Amino acid sequence: MLQCLSIHIGQAGVQIGDASWELYCLEHGIQPDGFILDRQQEQLENGEMEPRNASFDTFFHETRTGKYVPRALFMDLEPTVIDRIRVGKYHSLFHPEQLVNGKEDASNNYARGHYSVGSEIIELVLERIQKLAEQCNELQGFLVFRSFGGGTGSGFTSLLMEQLSAEYCRKTKLEFSVYPSPRISTAVVEPYNAVLTTHSTIEHSDCTFMVDNEALYNICHRKLGIECPTYASINRLTAQVLSCLTASLRFEGPLNVGLIEFQTNLVPYPRVHFPITTLAPIISADKAYHEHLSVPDITAACFEFSNQLVRCDPRLGKYMACCLLYRGDVVPKDVNVAIASMKSRTSVQFVDWCPTGFKVGINHQPPMVMPGGDLAPVQRAVCMLSNTTAIVEAWARLDHKFDLMFAKKAFLHWYITEGMEQGEFTEAREDLAALEKDYEEVG
Amino acid sequence: MMSDILPLAVIGRRVEVSGECATVRFCGGVPPVAGLWLGVEWDNPERGKHDGSHEGTVYFKCRHPTGGSFVRPNKVNFGVDFVTALKKRYALEEEADEDGKACSLKVGCKQVQTVGFEHITKKQSQLRALKDISLSKCAVSCAGEKGGIAEACPNIRVVDLSKNLLSSWDEVILIADELRDLETLSLSENKLQFPLDSLTPPGTFSTLKILVLDKTGITWAEVLHCASGWPVLEELYLRSNSISISERPTDVLQMVRLLDLSSNPSIAENQLYLIAYLPRLEQLILSDVGLSSMHFPDAKTGCKTSMFPSLQYLIVNDNRISDWSFINELDKLQSLQALSCSRNPLTEGDKAETTRQIIIAKISQLKTLNRCQILPEERYGAELDYRKTFGNEWKAAGGHQDPDKNRPSAEFLAAHPRYQLLCRKYGAPEDEELEVPQPFMLKNQLLTLKIKYSNQLEQKELEKQLPDSMTVQKVKGLLSRLLKVPVSELLLSYESPKMPGREIELENDLQSLQFYSVENGDCLLVRW
């Protein structure tokens, strides 16, 4: 039984975590106080319950009183976001030591997150991670949730990842990152933070799954009919993706060949590890039971631009690897039919050198939706992780924005005063240029 | 099952021929060609060759001139029974691989590696354990042997039987009779017949909570007839059935919380009264029905209606709502908390933001609009804005800040039922608030001023229009040219009818008339 530790960093990471643990609890029948609903408990004891629930040990730790505690750490450099969890619906789910915060935030500044403010709290965070790791029989690896654009998400994460590499050198580290949207930005210095953190984290992360807010807003607006999407709606959508991603770890199925094996198949070169995520089907709750989407339907939807959670056009690049993670009422025969029909599509172009194009997995645990939420319940869903060279467009965009500001040395003093050197910026930018080159070479 | 041996009672059966669905209308000989023919009416009205007649003889009738064809029985798929379809889908038979793990799939020239298939296959062969299944598009046409379903998969709670070949509700009853835990059933796109003498045995559908009958051709009368067999039904989906609500459900559908009547263009406003007294109805979906208005005549302006007492969420997207009176009426609903009304003429266009604000102000207890929560701040702003926007109209209709004089016309009150209430809540709008700001045009900035030169025996008066931003220096320059007096000798001051007896000096040449608060109708006094 391999366990996974989730680390949620900064506002984005913490809020995504909030939404995803809420969904996991719903799926496992765990109530907000950490105990399983009585009916299911009885069934577990009587052995009637399907064994699937037993493997959530990967994500939850069972205490002696029978309470299930998430294997997670939430941290932020300022208190407001973490405080909301402390007073929220699921506050008794977490042990107080799992919720860590500082007093002074990173102010959207990588340097503060990494050097000045972050360095004061890193020891405490590592200590808490150590405690959580000790509760595991066999720690498989870490899942790190953060944004690229924020100060804590960028700066503190890179600091933490360096330390984790040192202390837990053989454990996998997977990231789930919120990439700065092309047209909506929440901070002027996002490009700086994103470039700096990508440079300093790239060698410490094994695979980074990306989402961007703009794609999520568009999905919420167009497909879910939400007039003004809020972070709450976006995060619930993200939680659905995460649930699909981690389903093979949390429910009995081909467990050992779960996420880690997929990751091995998705990353051809150590630096080229940024797959984009796609989810299908995404149906508004107002249209429940309206469409009966078969496996071929949802598979085809994965290759549609509008279902992608990152704004980037895969038709402009080539696929290096693709993972299709199905869940729910999916039979192998249907998957064969679906893939056969994808066969004829000219838009799905692979690189010449990669022999195994697709990797497919099925978990029979059906997808669940939060009651009263925006998504309609469906019998089957699929999450696709695709490593495509088209993502270089996203890096190019980011680098361009970085260049525009850096040419004028705009906003640089905020970083310099916190102890950074201009050289680091140049180094980071060169690294990103090299990354763009890497993508071009493999394509 | 394609053979020359035809099942009994073939007329009316739903069949599939090369991917297209049809209904059998005729069985027999068609001279002069020998052999047995089946006459079918296709679902697709353009698929056929004729309307059921051949060389002058009418063999069967179709609704469209090209809706029918004659086909040989051996080309026709009559479908399979439930259990056969189930086994075919969930238990790989001939296709099981020897080498369990790696399946040989190919996409283009790429090998596809599959993970977990063998495990899943074993799991699903345990049909008895299945709870949540889909047999959509599996050509299911009948229940099969009695007891067969109950033996194979008794624990099923959710089944999707959409797009199959079921032809009669009686067949559905036979299937449901053996699934004692059935909670959710979808029968969409099965063209079903509902025999009048159809009887549901007690116990069947006893646990059915969600039923989806989209595109089945069911009529309202048939719904009510079958509904006596659905005692605990909570959600009923009847989209795209050309339904007209013809009677009021009396003892049936009393537990229904959600009713979806979308895409039934024959639904008219007056039919809605017939479903207005379902006691538990919380969510009503009326998208794309051509709705343009809704009235609750039992309640006067400002009162609550007794219709739809439990309705919390109303969805009226994609309709023809163009009048604000629709929104006004919704305020009469007792329990309404959420509304979705996108893509109506009223809400389309540039003024989307304003429309949202107005809707919020018109429906007092609305908490969610178009799936976006209405926060208290938003409601506050919307209501204040509404009060201000229609203030002039209110006054013109007889409204007044003084409650004794406040008598807005009935017409105004009908168009703005909440206006008086908003005035009470926030106070009546002040006149200053209601002043429409003049657009910035030069003519609006001009002051009409009298100019007196009082230092001569003759008192002369001029009238001039000057912009209020004109500096004193420039005014002096103008007067200097007019009066032929050098600028340096001029002294200016002004008096205002609002302040009789006071004279204000315009000392600073660099300041404007506006700085000295010179207003329209004032009088400039020139001395030298």
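Angles under 35 degrees count as roughly parallel, over 145 as roughly antiparallel, 65 to 115 as roughly perpendicular and the rest as oblique. With that in hand, here are the close-up views of this predicted model.

**View 1. Helices α1 and α8 of chain A pack obliquely.** Helix α1 (residues 10-28) of chain A meets helix α8 (residues 231-250) of chain A at an angle of about 55 degrees, and their axes lie 8 Å apart. α1(A) and α8(A) are therefore oblique to each other. The crossing of α1(A) past α8(A) is right-handed. On the α1(A) side, look for Q15(A), I16(A), A19(A), S20(A), L23(A), Y24(A), E27(A) and H28(A). Facing them from α8(A) are N235(A), R236(A), T238(A), A239(A), Q240(A), L242(A), S243(A), T246(A) and R250(A). Sorted by class, the residues of this contact are 6 nonpolar, 8 polar and 3 charged.

**View 2. Helix α4 of chain A crosses helix α5 of chain A.** Here the axes of α4 (residues 110-134) and α5 (residues 151-167), both in chain A, come within 8 Å and cross at roughly 45 degrees. That angle makes α4(A) oblique to α5(A). The crossing is right-handed. From α4(A), the contact draws on Y110(A), G113(A), H114(A), G118(A), S119(A), I121(A), I122(A), V125(A), L126(A), I129(A) and Q130(A). From α5(A) come G151(A), S154(A), G155(A), F156(A), S158(A), L159(A), L160(A), E162(A), Q163(A), L164(A) and E167(A). The class count for this contact of α4(A) with α5(A) is 10 nonpolar, 10 polar and 2 charged residues.

**View 3. Helix α6 of chain A packs on helix α12 of chain A.** α6(A) and helix α12 (residues 392-407) of chain A have their axes 9 Å apart, at an angle of about 120 degrees. This crossing is left-handed. P191(A), Y192(A), A194(A), V195(A) and T198(A) represent α6(A) in the contact. Their partners in α12(A) are W395(A), L398(A), D399(A), K401(A), F402(A), M405(A) and F406(A). By class, the contact of α6(A) with α12(A) has 9 nonpolar residues, 1 polar residue and 2 charged residues.

**View 4. A closer look at T198(A) and its neighbours.** T198(A) sits in helix α6 (residues 190-201) of chain A and also belongs to the contact with α12(A) shown in the previous view. Is T198(A) buried or exposed? T198(A) has a relative accessible area of 3%, and under 20% counts as buried, so T198(A) is buried. Leaving aside residues up to four places away in sequence, T198(A) touches F148(A), F274(A), W395(A) and L432(A). R429(A) is 231 residues from T198(A) in sequence, yet their C-alpha atoms are 9.7 Å apart in space.

**View 5. The buried residues of helix α5 in chain B.** In helix α5 (residues 220-227) of chain B, the buried residues are W220(B), V223(B), L224(B), C226(B) and A227(B). These buried residues of α5(B) pack against α4 (169-177) and β15 (235-237) of chain B.

**View 6. Two cis peptide bonds, one in each of chains A and B.** In chain A, a cis peptide bond joins A280(A) to P281(A), with omega at about -5 degrees. P281(A) is found in the loop between β9 (276-280) and α10 (295-302) of chain A. In chain B, the cis bond links P31(B) and P32(B), and omega is about 5 degrees. P32(B) belongs to the loop between β2 (20-30) and β3 (33-42) of chain B.

**View 7. Positive phi at two loop residues of chain B.** A139(B) is not a glycine, but has a positive phi of about 60 degrees. The loop that holds A139(B) runs between β10 (132-134) and β11 (140-142) of chain B. A139(B) counts as buried, at 17% relative accessibility. E189(B), also not a glycine, has a positive phi of about 60 degrees. E189(B) lies in the loop between β13 (184-186) and β14 (210-212) of chain B. With a relative accessible area of 33%, E189(B) is partly exposed.

**View 8. Confidence along chain A.** The average pLDDT of chain A is 89, and 93% of the residues score at least 70. Over residues 47-53 of chain A, pLDDT stays under 50. The model has 15 contacts beyond four places in sequence for this stretch. Where pLDDT is low, the predicted coordinates should not be read in detail.

Terms used:
Residues are numbered from 1 along each chain as its sequence is written. Chains are lettered from A and ligands numbered from 1 in the order in which they are written. This is a predicted model: local features need pLDDT of at least 70, side-chain atom pairs count only at pLDDT 80 or more; totals for chains, interfaces and linings use all residues. Side-chain values use heavy atoms; hydrogens and water are left out. Axes are lines fitted to C-alpha atoms, for helices over the stretch in contact, and angles run from 0 to 180 degrees between N-to-C directions. Helices (H or I, at least four residues) and strands (E, at least two) are DSSP runs, numbered from the N terminus. A crossing is left-handed if the near helix is turned anticlockwise from the far one by less than a right angle, and right-handed if clockwise. Contact means heavy atoms within 4.5 Å. Ala, Val, Leu, Ile, Met, Phe, Trp, Tyr, Cys and Pro count as nonpolar, Asp, Glu, Lys and Arg as charged, and the others, Gly among them, as polar. Buried means under 20% relative accessible area, exposed over 50%, partly exposed in between (1.4 Å probe, protein chains only). pLDDT is the predictor's confidence in each residue, from 0 to 100.
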